[in-house]
Amino acid sequence: MAEKPNPQSISPLKEAIGGFGLVAGATYPLRAVALWIRSPDLLTYVWVPVLVNAVTGIALYVGLLLPGLAKIEGVVVGLRQWMQNLLANLPAWLSYLSITAVLLGWLLRVVLVGGLLVAIGLLLVQFGTILGAPWYGQLSEKIEEMRTGQLPTPQTGVGAMLVDIWRALMFEVKKLAFALGIGLILLLVNFLLPLIGTAIASIGGVAVAATLVCLDFLDGPLERRRLKFRTKLGMIFRCFPASGTFALVCLTLISVPVLNLLAVPLCVTAGTLFFCDRIWPTMNPQPTNPNNHPE
C-alpha cells in the first residue's frame, strides 16, 4: 500500500525542521534508516549491492589506498626535510619555526589523506551504482511508489534498452565534463591567487564532489523521467540549501572506509526520499481547493 503522508498528522516540530532546508537536507540518510526499519522488505534490494560494494571496496583500497598513503608519507617527509634544511640556515632565535614545520606536516597529511578517501569514495559510488544498478533501480522504484503512489510508465523493447544504455553513458561523460570544466577554473584560481585561491579551490573541489554525489543519488527518479543533464542540475540547485547539506552528508558517508559499503544503498534510499519530498511536488503541483481558506 502506498505510504501517503497526512498533512494533519505532521507535528509542528517536524514541519519546522522540514521547512528549514539547511537542516532537513542533512537528515535524509537518517530518514532512510527509519524507512528501512519500518519497511524491512526493502532490504531485499540492499544485500546484494552491499556484497558488490565489499568486493569493489577491497579492490580499491588495496589498489589505491595503501600505495596512496605511502606516497603521502613520502611527500610529508620530503616537505619536513626541506623545511628543516631551510631552518638550519636561519638564526637560532627563529628555532620556534620548527614547531610550525611539524604542524604544517600534519595539516598536509590530514588534507591529502582526506582527499584520497574522498576520491576512493567517489570511485566506489561510480562502480557500485553501475554494478548494483538493477537492485538500486528496483529499490528506488519501490520507495517512490510507496511515497507518491505512482511511477512513470516505463518504455520497453530493445530500442528503449539501447536508449537507456546511451543515456547512462552520456550521463557519465557529462558528469566528467562538468567536473573537469569546474576543476580547471579552480586550478587557475589557485595559481592566480596565492593562499586565498588555494582556499577557494579547496572549497570549490568539495562543492564539485558533493554535486556529483547528489547527481548520482538523485538520478534514479530523475532518470525515470528522461530529464536532460542540465535539467537535473537545475533541480538540484533549486533545492539548495537542502540539496547542499544532503550532498555533503552523503559525501562524508561514502568517504568513511567500511561504512561506505552500506552508505551507497543508504544514500540511494535517501536520494529517492529527497526527490519525493522536495522535487516531485514541484513537478506535480497539487491543485488548491478554493473552499479551503486559512482561518
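## Helix α3 and Ala32

A32 sits in helix α3, which spans residues 28-38. This is a predicted model. A32 has a relative accessible area of 0%, so it counts as buried. Beyond its sequence neighbours up to four places away, A32 touches L266, T269, A270 and L273.

F274 is 242 residues from A32 along the chain. Even so, the C-alpha atoms of A32 and F274 are separated by 9.7 Å.

## Overall fold

The protein chain holds 11 helices and 0 strands. Read along the sequence, its pattern is α-α-α-α-α-α-α-α-α-α-α. Of its 295 residues, 38% count as buried.

Take the contacts between residues at least 6 apart: 80% of them join residues at least 24 apart. The accessible surface comes to about 17400 Å². Carbon and sulfur atoms account for 73% of that surface.

## Nonpolar cores

In soluble globular proteins, nonpolar side chains tend to be buried together. Here, the largest nonpolar core has 54 residues. The members that touch the most other members are F217, L218, F246, I254, F274 and I279. Eight elements are listed as giving two or more residues to this core: α3, α5 (97-131), α6 (133-148), α7 (158-192), α8 (196-223), α9, α10 (242-255) and α11 (259-283). Helix α11 gives the most, with 12 residues.

F217 shows what such a position looks like. Leaving out residues up to four places away in sequence, F217 touches V125, F246, C250, I254, V264, C267, V268, G271 and T272. Another core, of 9 residues, lies apart from the largest one. Among its members are L60, I72, L116 and L124.

K232 lies in helix α9, residues 229-238. K232 is a lysine that counts as buried, because its relative accessibility is 2% and the cut-off for buried is under 20%. Its contacts, not counting residues up to four places away in sequence, are R167, F171, L215, D219, L222, E223 and L227. The side chains of K232 and D219 make a polar contact at 2.7 Å.

Salt bridges link R167, D219, E223 and K232 in a network. Within it, the side chains of E223 and R167 meet in a salt bridge, 2.5 Å from N to O. E223 lies in helix α8 and R167 in helix α7, so this pair ties together parts that are 56 residues apart in sequence. E223 is buried, with a relative accessible area of 16%. R167 counts as partly exposed, at 21% relative accessibility.

## Other salt bridges

Side chains of opposite charge can pair when their charged atoms come close. A search of the whole structure finds 9 salt bridges. One of them joins R147 and D277, with the closest N and O atoms 2.9 Å apart. R147 lies in helix α6 and D277 in helix α11, so the pair ties together parts that are 130 residues apart in sequence. D277 counts as partly exposed, at 28% relative accessibility.

A salt bridge also forms between E172 and K175. Their closest N and O atoms are 3.3 Å apart. Both residues lie in helix α7, 3 residues apart, or about one turn of the helix. E172 counts as partly exposed at 27% relative accessibility, whereas K175 counts as buried at 4%.

L188, L192, L193, L195, I196 and I200 make a nonpolar surface patch of about 650 Å². Helices α7 and α8 are the elements that give two or more residues to the patch.

L192 is one of the patch residues. L192 lies in helix α7. At 60% relative accessible area, L192 is exposed.

Notes. Residues are numbered from 1 along each chain as its sequence is written. This is a predicted model: local features need pLDDT of at least 70, side-chain atom pairs count only at pLDDT 80 or more; totals for chains, interfaces and linings use all residues. Side-chain values use heavy atoms; hydrogens and water are left out. Helices (H or I, at least four residues) and strands (E, at least two) are DSSP runs, numbered from the N terminus. Buried means under 20% relative accessible area, exposed over 50%, partly exposed in between (1.4 Å probe, protein chains only). A polar contact is a pair of N or O atoms within 3.5 Å; within protein, one must be able to donate a hydrogen and the other to accept it, and residues adjacent in sequence count only if both atoms are side-chain atoms. Contact means heavy atoms within 4.5 Å. A nonpolar core is a set of buried Ala, Val, Leu, Ile, Met, Phe, Trp, Tyr and Cys residues joined through side-chain atoms within 4.5 Å. Patches are made of residues with over 30% relative accessible area and no salt bridge: like charges are joined within 9 Å, nonpolar side chains (Val, Leu, Ile, Met, Phe, Trp, Tyr) within 5 Å. Accessible areas come from the Shrake-Rupley method with a 1.4 Å probe; for residues, only the protein chains shown count as cover. A salt bridge is a side-chain nitrogen of Lys or Arg within 4 Å of a carboxyl oxygen of Asp or Glu.
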